[in-house]
Amino acid sequence: MNFAFTEEQGQLRDSLRRFLTETYTLERRRAITQAGGGCDAKIWRQFAELGILGLAIPESLGGIGGDAFDAMVVMEELGRALVLEPYLSTALVGAGILARSGSASQQQLLPAVAAGEIRLAFAHGERDSRWRLDAVTTRAVREADGWILDGHKAMVPDGAGAHYLVLSARTASGISLFLLPGASERMTRTALTTHDGSSVAEIKLDGVRVPPVALIGAEGGGLPLIEAASDVGIAGLCAEAVGAMDALLALTLDYVKTRRQFGVPIGSFQALQHRLADMLLHTELARSMSYLASAKLAVSDATERRRAISAAKFLVGRAARFIGQQAVQLHGGMGVSDELATSHYFKRLTLINASFGDMDHHLARFGSLIAA
């Protein structure tokens with residue numbers, strides 16, 4: 001398998017890294033966190049100008065029609081810069097669902113998504129679901145003039161700020177997906193800030209009415225769409241984690257070269273050199289698994305795709321935990337202080353592990369898929 005990047009992907013990576021290095025400083029990130037909402041409107045418009053918001057949208061629908069490796073390049077750079085903006089939920093997961101399965105009227109939103117005018121949130125997880133994709137208790141009841149939705153969605157990324165929600169609910173025919181405005185009547189969105197500074201929301205639906213055209217795809221046909229969207233999200237998170245691990249390894253290497261003890265840099269101690277070498281090995285293993293996850297998104301065999309995705313999520317999560325812990329220990333007490341970026345990378349990697357299923361969940365899923 002050829003993992004070489006194209007010239008266009010190299011240019012995309014370089015331009016995005018240059019932009020983020022110049023504009024997305026740790027101080028800028030702190031300001032976004034303190035302002036609440038988890039999204040800087042100016043940064044979001046600049047993402048649109050760079051063209052990255054239209055990667056999952058075909059040219060015929062107003063996007064640029066990128067592939068999974070284009071998205072991987074972007075997610076690595078966003079992870080390297082610790083970007084808070086909800087790129088994954090809008091540009092890859094939400095837009096991807098509408099591009100693949102949305103009706104013509106629903107797809108009319110996609111040019112505005114690519115232009116940075118509309119954000120989407122994937123509202124699927126519930127309090128007791130424990131990452132099981134078929135654990136949906138939110139209900140949608142059909143009426144003559146549409147649907148009535150009741151239920152609760154938990155920890156929805158950008159759930160409070162998104163203009164539209166791609167939301168799962170159980171109908172008489174099974175699990176279905178719906179597209180509804182974020183400001184719908186009889187919907188309550190409670191914004192929360194996670195420990196890494198990103199924004200999520202608890203969403204309560206109490207008799208929310210939506211028209212028939214809100215249904216995405218066929219009634220009862222939502223689970224395959226949810227599974228595919230989840231795999232896209234996991235592949236994106238794996239790439240983001242690799243970017244964060246790259247940056248954290250570089251920070252730690254710089255620190256041990258300058259921190260002196262017993263009159264010499266601590267990086268000259270052989271035991272610490274061995275630990276840094278192990279960090280590099282874990283990073284490169286994670287990178288390889290991230291590439292595999294992105295490559296398998298195009299596979300038509302859902303079992304093969306899910307098996308590779310779960311393997312990647314487990315191994316990337318294990319590498320992220322190891323590198324985060326080693327970076328904190330090698331920095332000493334400063335490693336957990338807010339002043340250093342080290343602690344922010346560690347917190348983000350920890351949250352990535354808990355998103356779309358943690359290591360234990362995916363190890364168990366991988367085992368069941370192998371056994372089957």
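Modeller: A pocket is an open set of points on a 1 Å grid over the protein atoms alone, where a 1.4 Å probe fits, with protein on both sides within 12 Å along at least five of seven lines; its lining residues have an atom within 4 Å of a point. This is a predicted model, in which local features need pLDDT of at least 70, side-chain atom pairs count only at pLDDT 80 or more, and totals for chains, interfaces and linings use all residues. Residues are numbered from 1 along each chain as its sequence is written, and side-chain values use heavy atoms, without hydrogens and water.

Biologist: How much space lies in the second largest pocket?

Modeller: Points are joined across faces, edges and corners, and the volume is the space filled by probe spheres set on them. The largest pocket holds about 1200 Å³. For the second largest pocket, the value is about 490 Å³.

Biologist: Which residues lie nearest the centre of the second largest pocket?

Modeller: Its lining has 23 residues. α4, α5 and α8 each give two or more of them; helices (H or I, at least four residues) and strands (E, at least two) are DSSP runs numbered from the N terminus. Nearest the centre are Asp67, Ala68, Arg100, Val232 and Leu297.

Biologist: Which element gives the largest share of the lining of the largest pocket?

Modeller: This lining has 49 residues, with Met155, Pro157, Ala354, Ser355 and Phe356 nearest the pocket's centre. Both helices and strands supply at least two residues each, including α4 (68–80), β3 (146–157) and β7 (199–210). The largest share is 5 residues, and it comes from α8.

Biologist: How many residues of the lining of the largest pocket are charged?

Modeller: Ala, Val, Leu, Ile, Met, Phe, Trp, Tyr, Cys and Pro count as nonpolar, Asp, Glu, Lys and Arg as charged, and the others, Gly among them, as polar. The lining has 22 nonpolar and 14 polar residues. The charged residues number 13.

Biologist: Which residues does Leu20 touch?

Modeller: Contact means heavy atoms within 4.5 Å. Residues up to four places away in sequence are not counted. Leu20 then touches Phe47, Glu77, Leu78, Ala81 and Val83.
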